[in-house]
Amino acid sequence: MDEDHEKVIAYFGAYNFKLADKIGALRKIRHIGMIRILRVEGMVYQILSMHIQQHDKAMKGTELPTTLLKRELKIIRNLSKSIIKDVAREYCLEQLSLETGLSQAKLQEGFKLLYTRTVTEYIRHLRLEAARDLIRMTVMNISEIVYSIGFSSRSYFSKIFKDKYGISPNDFKNKTEEYPTDELNVA
């Protein structure tokens, strides 16, 4: 720490999408008064914390080295947004590679870096979240939900749903019907 304020300290790290998202969220705070002040302060502390963590990882050499360019990371980010908009579509790594102009290896590296998941794991994760929300919010039966989110096997869906949430889709649906949405607490 420079207590005399004689040294200029600066750190220019790699572009960080998570930090960019937090900064974007900070700009979108629309509350007024004390609530705004507290939310802004909390977000600023989160941003500062994330920046310090990134700096520490870089100084320790534990930050994941990447061969991806900022432009390529943005392409991957845009791809993930398009997947979110249409989780039911049948995705193939080869086709995604052709659509983005990035190699399959770069796609996998980018998804691992940005989302700590492979492309397939990322899509499966989004589909499971969509299924969970559909079970909570609609009157569709489990089979309808399974096919509407892009799975072709109900048994496979049930297995991975239970692995992720610790409860079968049918039991989850029954609990959702039994309790109001806010009281049901499944990760």
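**View 1. Lys85 counts as exposed, at 75% relative accessibility.** Exposed means over 50% relative accessible area, buried means under 20%, and partly exposed lies in between (1.4 Å probe, protein chains only). Lys85 sits in helix H3, which covers residues 70-85. Helices here are DSSP runs (H or I, at least four residues), numbered from the N terminus. This is a predicted model: local features need pLDDT of at least 70, side-chain atom pairs count only at pLDDT 80 or more, and totals for chains, interfaces and linings use all residues. Residues are numbered from 1 along each chain as its sequence is written, and side-chain values use heavy atoms, with hydrogens and water left out.

**View 2. A patch of positive charge lies on the surface.** Its members are Lys28, Arg30, Arg36, Lys81 and Lys85. A patch takes residues with over 30% relative accessible area and no salt bridge, and joins like charges within 9 Å. Lys and Arg count as positive. Each charge is placed at NZ of Lys or CZ of Arg.

**View 3. Glu72 and Lys106 meet in a salt bridge.** The side chains come to 3.0 Å, N to O. The pair links distant parts of the chain: Glu72 is in helix H3, Lys106 is in helix H5 (residues 104-115), and the two are 34 residues apart. A salt bridge is a side-chain nitrogen of Lys or Arg within 4 Å of a carboxyl oxygen of Asp or Glu. Side chains of opposite charge can pair when their charged atoms come close. Glu72 is buried, at 6% relative accessibility. Lys106 is partly exposed, at 23%.

**View 4. Glu99 forms a salt bridge with Arg89.** The closest N and O atoms are 2.5 Å apart. Glu99 lies in helix H4 (residues 93-100) and Arg89 in the loop between H3 and H4, so the bridge ties together parts that are ten residues apart in sequence. Glu99 is partly exposed, with 43% relative accessibility. Arg89 is partly exposed too, with 31%.

**View 5. Asp133 and Arg132 join their side chains in a salt bridge.** The N to O distance is 3.3 Å. Asp133 is partly exposed, with a relative accessible area of 33%. Arg132, in contrast, counts as buried at 13% relative accessibility. A search of the whole structure finds four salt bridges. Among them are Asp133 with Arg132, Glu99 with Arg89, and Glu72 with Lys106.

Key. Patch = residues over 30% accessible without salt bridge, like charges linked within 9 Å, V, L, I, M, F, W, Y side chains within 5 Å. Areas by Shrake-Rupley, 256 points an atom, 1.4 Å probe, with all protein chains shown as cover.
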